[in-house]
Amino acid sequence: MANSQTLIAQAYSAFNHRDIDSALTLMSGNVSWPKASEGGRVIGKEEIRAYWTRQWQEFDPRVEPLEVIDQEGGRTAVKVHQLVKSVGGDVLSDSEVWHIYTVANGLIERMDLKESETSSDPTPSTAFSKH
């Protein structure tokens, strides 16, 4: 069973390489994921596959972890540099955000978003930002 930081690093690498199958092997069957570009959430691997496939037809997102903080209750906060370009290469968004993961039994169970503010507090709020 991989530790959370290794698991999450593998997930970012797979996402940035557009390797959906490898990313999905790191997630539980009922994983809950935010649809940052559409709003709402998707549940389960096939819904994530469909969401990412749609997203990558419209945008070229890249996320690079900057800081990883293990928290209580199987949660890990990851500050990322998020660069989103159009498929034509124009920069649409260049920001830092927090991704909050819940890991159980060696798999990602849930991911939430938190806007990175002037503080470096990774504690998620009850209302997560959508990008």
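Q: What pLDDT does the protein average?
A: The protein averages a pLDDT of 88, and 85% of the residues score at least 70; pLDDT is the predictor's confidence in each residue, from 0 to 100. This is a predicted model, in which local features need pLDDT of at least 70, side-chain atom pairs count only at pLDDT 80 or more, and totals for chains, interfaces and linings use all residues. Residues are numbered from 1 along each chain as its sequence is written, and side-chain values use heavy atoms, with hydrogens and water left out.

Q: Which elements have the lowest and the highest confidence?
A: Strand 6 is lowest, at a mean of 92, and helix 2 is highest, at 98. Over residues 123–131 the pLDDT is below 50. In the model, that stretch has 20 contacts beyond near neighbours in sequence, a contact being heavy atoms within 4.5 Å.

Q: How many helices and strands are there, and in what order do they run?
A: There are three helices and six strands, running α-α-β-β-α-β-β-β-β from the N terminus. Both kinds are DSSP runs numbered from the N terminus: helices are H or I with at least four residues, strands E with at least two.

Q: What makes a set of residues a nonpolar core, and which members of the largest one touch the most others?
A: A nonpolar core is a set of buried Ala, Val, Leu, Ile, Met, Phe, Trp, Tyr and Cys residues joined through side-chain atoms within 4.5 Å. The largest has 28 residues, of which Y12, M27, W33, I48, W52, Y101 and I108 touch the most other members. Helix 1 gives the most to this core, with six residues. W33 touches M27, G40, R41, V42, I48, W52, Y101, I108 and M111, not counting residues up to four places away in sequence.

Q: What makes Y12 and Y101 an aromatic pair, and of which kind?
A: Rings of Phe, Tyr and Trp (its six-membered ring) pair if their centres lie within 6.5 Å; planes under 30 degrees apart count as stacked, over 60 as edge-to-face and the rest as tilted. Y12 and Y101 are 6.0 Å apart, centre to centre, with 85 degrees between the planes, and form an edge-to-face pair. Y12 is in helix 1 and Y101 in strand 5, 89 residues apart, and the pair links distant parts of the chain. Both Y12 and Y101 are buried. The count by this rule is six aromatic pairs, and ring pairs link Y12, F15, W33, W52, W56 and Y101 into a cluster.

Q: How do you know that R18 lies over the face of F15?
A: A charge sits over a ring if NZ of Lys or CZ of Arg is within 6 Å of the ring centre and within 35 degrees of the ring normal. R18 is at 5.3 Å from the ring centre of F15 and lies over its face.

Key. Buried < 20%, exposed > 50% of the residue type's maximum accessible area, 1.4 Å probe, protein only.
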